[in-house]
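This briefing reviews the sheet, core, domains and chain contacts of the structure shown below. Please keep the sequence and the structure in view while reading.

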Amino acid sequence: MVAGGCAGGGSDAVQLWGLGREGEEVARLLPPLANVPGVAAPKVQQIPWTAAHEKLLTAFVGRSTPDLAQVGNTWVPELVALGAIEPLDAYVAASRVVSSADHFPGVWDTNVLDGHVWGIPWYVDTRVLFYRSDLLAEVGFDRAPRTWAEWRDAMRRLKERGGPDRYAIILPTDEWPQPVILGMGRGAELVRDGQWGAFRDPRFRAGFDFYLGLFRDGLAPVLGSAQIASLYQQFADGTFAMIITGPWNVGEMRRRLPASFQDRWATAPMPAPTGEPPGVSLAGGASLVIFRNSTRKAEAWRIVEALSEPAAQVRFYALTGDLPAHTAAWRDPNLAGDDKLAAFFTQLGNVRSTPKIPEWEQIATKVFENVQRAVYGGAGLDDTLATLDADVDRILAKRRFILARRTAAP
Amino acid sequence: MSTTAALTRGGRAEAWAGRAFVAPALLLIAVFFLFPVLAGFLLSLTDFDLYGVADPSAVRVVGAANYAALLRSSVFWRAFANTLVFVVVGGPLTVGAALGTAVLVSARATRLRGLFRTLLFAPVVATLVAVAVVWRYLYHPRFGFLNELLGLVGIEPVNWLGEPKTAMLAIILLAVWKNFGFSMVIFVAALQAIPEHLYEAARIDGANAWQQFRRITVPLLGPTFLFVGVTTAIGYFQLFSEPYVLTSGTGGPLDATLSVVLHMYKEGFRWWNIGYAASVAFVLFAVILVFTLLQLRLRPRGER
C-alpha cells in the first residue's frame, strides 16, 4: 500500500478513494499500472466503510472530491442528484475493456440513471439462501427448495423435527433486505415513478405476507441481529437451518467452523414464488465513479479499465473474497470450482436494484421499522403497509417538488 | 476639580482598556458561537437537505413547518420521552450514587480513601467507546456476566440491549456508572468544606449518624446539589454517545434508546435533512432552558 501510494505520489497522480478492505488491497493490484505508458500509479486513500458516505458528501461540499472513488452502488443516485459525478457513456462507448455485455445486467443497471451510465461495477454482491443440507435431507429434501411452496413446506418440516428450540430460518428483524427481497419476489417496484410509496401493491403484499408468516408460524425466531449470540455457531448446532445472506459469509463459515462441517451446508439461489429459481435478489456491490471536478478524468478512466480486466478481477477475488463484476472472471477455476459460489453466479442472473433514488436508504430503515411494528407490536399486514407508504410519501415530498420543478423548467 | 476630571478620564481610559481586553474573547464568541447559532436558527426555517447541497436554489424557506412537522412526528416524541426517562431516572440515580460514594470515601473510618476515589473516578476518564465494548459483553444475552449473576439467584437471562423494555435501563446503568464519579468529586470537595465542629456539637447533643447526615450534611450541601443536579440534567438531556455506541447508531430496538440528540444526528448527518435537524436542536435548547429554570425555581427558599 505504501509502495502504491509513494510510487504515484506526484501531484499529477490520480487520487483514488478506496473503502475498507478493498481500499487496502487495491494498491496491490495497481503496481502493474506503473508499466502502462502514460499512466502514473494512483495515489490511494483508504477510508473506512462506516465513515465513507459522510466523507464523500463533505468532500463534495468542501470541493475536495478525489478523481476516482469506490462507492456502494446504492450511493450512485445520491451522487448523481448532487451532480458530483461524471457520466461515463462516452468512455464506455470508446473502451475495448469495459462493456455492459460483460456484466451482470441487474448489477450494471444499478449504475444507470436518467439514461446515463454513472459508475462501473467493480465487484458484486447479492444474497442467496444458505442452508444446512444435512438437516434438509433429514426431512426429505435432497436439494434446496425451488419454489416458495416447497420452501415453506421444507421449513415447516424442519421446525416440526427440530422442536421448540430450533428454527427453520433466521430473519433478523432489524434487517431490511430479507423483507424487500421477498417483497420484490413477485415483481413489486417498491416506489412508483420515483415519487410515491408502492408497498401496498398486491405483489409486495404477497411477498411481505410470506415473510411475516414465517414469524407468525414460529418458523423464524423473533430476534434482532444484536440478539443473535453467534450466527455461525448457531448455524452449526442447528438452532437455525437457513439464512438469507451474502458472499462475505461464505468465507466466514469456512473460517469459523470446522472443516468437518463444510459438507453439511450449501448455498442455493433464492426460491422463486412459482416456476424456476432463481427468485429475485438484490443487486449489491461497489462501483467505481469519476468525479465531475476531476482534472484527470482520462487517467482515472484508464485505472477503471485496469481494474475491470478479468485477470485483475480474479486477483482481486483472491485478495479480498469480493465476487468479480466481470462475468469472464467467473471462468477462473478458483471461482468456477467453488461449490458454494455457483449459487451466487446463478443468482446474479436475476438481481434487481432497489429504487434508484437518493432517499432509498432512508426508506429502507422505514421498512424495518414497520417490520418491527408488525412483528413485535402485532400491527396488521395492511395497516403496516399503509403506514409504510405514508412514511415513504412523506420522505419523498421534497423529491416530488424537485421533479415537478425540473419538468416545469424548459 | 481637576483631580476628578483626571479620574474620570482615567476611568474612561480604563474602561476602554477593559473593553479592548474582552474584545478578542467576545469576537471569538461571536464568530464561533453566536454566528453559528444564528445560522442554525435560520437553517431551521428552511428545508435545506441533500438537494439543497446540490443546488442552493432548491432550498425553500418553510417558516415554522419543520417545527410543526417535528411536533407531529411520533419519532420525535418517542425520542423526547426516552430522553425524559433517561433524565428523570438516570439523573437522580447519578446524583444519589455520587453522594453515597462521596460520603463513603470521605468517612474517617474508610481505609485507602485515595485509592477508592481514584477507582470510582476512573470511569469518567475512560473512553466511552472502549467502555461500551466491554459493557456490550456484560449485557450479552447468552454469555454476559450480568445474566450469569442473575442466573445465580434463579432469574431467567435478560436480553438487555435486544429487548425494547430493558434497553433503556441498560443505557441508564452504563451512564450512571460512567458519570457519577465526576459529581462524586464535587461532593467530596463540598463535604470537606463542612466544618467538623458542627458534627462534634451534634454528637454532643446526642445526634446519631443518620441525623447528622440528614440535618447537617444534606442542608449544607444544598448549593452543591443544585450545581450537580443542573449540570447532570443538562448533560443527560444531551444523551447521545451511550446509545450511539451500544446500538451501532440506530437507537434501537424499536427506537427504545433513541434520544433527541441521536434523532437529530440521524436526521442531519445520515439523511441530510439539515433544516429539520436544526429545528430539533432548537427545540432541545428550549427544553433544557425550561428545565433548568424550573430547577432553579424549585430549590429551597433559603438559598436563593
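In chain A, strand β1 (residues 15-19) and strand β3 (residues 68-72) pair in the parallel sense over two bridges. Strands here are DSSP runs of E with at least two residues, helices are runs of H or I with at least four residues, and both are numbered from the N terminus; two strands pair if DSSP finds at least two bridges between them. This is a predicted model, in which local features need pLDDT of at least 70 and side-chain atom pairs count only at pLDDT 80 or more, while totals for chains, interfaces and linings use all residues. Residues are numbered from 1 along each chain as its sequence is written, and chains are lettered from A and ligands numbered from 1 in the order in which they are written.

**Sheet of chain A**

- W17(A) has A69(A), in β3(A), as its bridge partner.
- Six strands of chain A form an open sheet of mixed pairing, in the order β2-β1-β3-β13-β6-β14.
- The edge strands, each pairing on one side only, are β2 (43-47) and β14 (323-324) of chain A.

**Nonpolar core**

- The largest nonpolar core has 180 residues, and I169(A) and V289(A) have the most contacts inside it. Such a core is a set of buried Ala, Val, Leu, Ile, Met, Phe, Trp, Tyr and Cys residues joined through C-beta atoms within 7 Å.
- A residue is buried if 20 or more other C-beta atoms lie within 10 Å of its own, exposed if 12 or fewer, and partly exposed in between, with C-beta atoms placed from the backbone.
- Helix α8 (residues 164-192) of chain B gives the most to this core, with twelve residues.
- Domain 1 (2-126 + 284-348) and domain 2 (128-281 + 356-400) of chain A each supply at least three residues to this core.
- Leaving aside neighbours within four places in sequence, V289(A) is in contact with A69(A), V71(A), V76(A), L79(A), I85(A), W118(A) and G119(A); contact requires C-beta atoms, placed from the backbone, within 7 Å.

**Domains of chain A**

- The bounds of the two domains come from an automatic or database domain assignment, and their centres, taken over C-alpha atoms, are separated by 29 Å.
- In chain A, 16 residues of domain 1 are in contact with 17 residues of domain 2.
- On the side of domain 1 that touches domain 2, α4 (76-82) and α16 (342-348) of chain A are the elements that give two or more residues; the largest share, four residues, comes from α16(A).

**An exposed loop residue**

- D193(A) is found in the loop between β8 (191-192) and β9 (196-197) of chain A.
- D193(A) counts as exposed because it has 10 C-beta neighbours inside 10 Å.
- D193(A) and P355(A) are 162 residues apart in sequence and 9.6 Å apart in space, C-alpha to C-alpha.

- Chain B has 14 helices and zero strands.
- The radius of gyration of chain B is 25 Å, well over the 19 Å that the globule rule gives for 304 residues, so chain B is more spread out than a compact globule. The radius is taken over C-alpha atoms, and the rule is 2.2 Å times the number of residues to the power 0.38.
- Of the 304 residues of chain B, 32% count as buried.
- Contacts with chain A link 18 residues of chain B to 17 residues of chain A; helix α2 (residues 50-54) of chain B gives the most to the chain B side, with four residues.

Terms used: Two residues are in contact if their C-beta atoms, placed from the backbone, lie within 7 Å.
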